[in-house]
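Dear colleague,

I am passing on the structure below, together with notes on what I found in it. Please read them with the coordinates open.

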Amino acid sequence: MTKALIVIDVQNDFCPGGALAVSGGDEILPRVNTLMTEFDTVVLTQDWHPADHASFASQHEGGAPFTQIHMEYGLQTLWPDHCVQGSKGAEFHPDLAVDRAQLIIRKGFRRGVDSYSAFFENDHKTPTGLAGYLRDRGVEDLTFVGLATDFCVAWSALDAAKLGFRATVIEGACRAIDLDGSLQEAHSEMRSAGVKLEA
């Protein structure tokens with residue numbers, strides 16, 4: 001019971017045909033589903049934005065997707081509208097074995113702050129409650145899979161390491177956006193933080 005699998009944002013909008021599609025995002029599903037049978041504790045995260053979320057380029061006059069702006073908590077990438085609460089795009093991919101999970105953490109539901117990490121919103125202060133849940137269950141060792149490697153997966157793994165968990169990312173069960181070198185940067189940061197990267 002000391003190990004958990006954290007499955008990050010395997011949602012329709014991050015898969016081919018979605019509003020913020022990650023190339024090959026659906027290709028990871030067979031491996032993710034298999035991994036879910038190998039852990040006693042399985043947690044899913046779900047991006048869950050209000051329609052007027054501040055990270056959406058549509059909410060900023062002249063704002064273009066994939067550009068950056070300054071917000072109270074620092075630099076924020078502007079995204080196409082995605083994973084809007086209650087929408088088809090926000091639903092988990094239909095092939096994901098959702099019933100194997102014991103907990104679903106919804107993130108990004110506060111309009112004014114984005115939330116990549118499974119543990120904290122992008123202000124690095126507001127917790128999701130996941131750390132307490134895992135500690136209460138005696139979990140010390142976390143394995144991360146899902147979408148996207150260089151954003152929500154990496155931020156989650158980095159926060160896990162900062163919080164004292166052992167963190168592993170299985171890259172073969174992830175896919176990346178790779179925005180302006182973001183994948184290489186994420187790799188470097190994860191290695192520096194002691195996150196284990198596996199194929």
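Helix α3 is mostly covered, with eleven of its 14 residues buried, where buried means under 20% relative accessible area, exposed over 50% and partly exposed in between, computed with a 1.4 Å probe on protein chains only. Helices here are DSSP runs of H or I with at least four residues, and strands are runs of E with at least two, numbered from the N terminus. Please keep in mind that this is a predicted model, in which local features need pLDDT of at least 70 and side-chain atom pairs count only at pLDDT 80 or more, while totals for chains, interfaces and linings use all residues. Residues are numbered from 1 along each chain as its sequence is written, and side-chain values use heavy atoms, with hydrogens and water left out.

The buried residues of α3 are T149, D150, F151, C152, V153, A154, S156, A157, L158, D159 and A160, and what covers them includes β1 (3-8), β5, β6 (141-147), β7 and α4. The helix α3 bends by about 25° at W155, the bend being the angle between axes fitted to the seven residues ending there and the seven starting there. Just after α3, G164 takes a positive phi of about 95°.

Helix α3 (residues 149-162) packs with helix α4 (residues 182-192) at an angle of about 10°, their axes being 10 Å apart; axes are lines fitted to C-alpha atoms, for helices over the stretch in contact, and angles run from 0 to 180 degrees between N-to-C directions. The two helices α3 and α4 are therefore roughly parallel, a term for angles under 35 degrees. On the α3 side the contact is made by T149, D150, F151, A154, A157 and L158, and on the α4 side by S182, L183, A186, E189 and M190, contact meaning heavy atoms within 4.5 Å. By class, this contact of α3 with α4 has seven nonpolar, two polar and two charged residues, where Ala, Val, Leu, Ile, Met, Phe, Trp, Tyr, Cys and Pro count as nonpolar, Asp, Glu, Lys and Arg as charged, and the others, Gly among them, as polar.

In α4 itself, the buried residues are S182, L183, A186, H187 and M190. Seen down the axis of α4, they fall within an arc of 140° and so line one face of the helix, the arc being that of the directions from the helix axis to the C-beta atoms. These buried residues of α4 pack against α3, β7 (166-175) and β8 (196-198), whereas the face turned away from them carries the exposed residues Q184, R191 and S192. After α4 comes G194, whose phi is positive, near 90°.

C83, in the loop between β4 and β5, has a positive phi near 50° although it is a residue other than glycine, and at 0% relative accessibility C83 counts as buried. D178, found in the loop between β7 and α4, is likewise not a glycine and has a positive phi of about 55°, but D178 is partly exposed, with a relative accessible area of 42%. L78 lies in the loop between β4 (74-77) and β5 (103-107), and L78 counts as buried at 0% relative accessibility.

With best regards

Methods. Angles under 35 degrees count as roughly parallel, over 145 as roughly antiparallel, 65 to 115 as roughly perpendicular and the rest as oblique.
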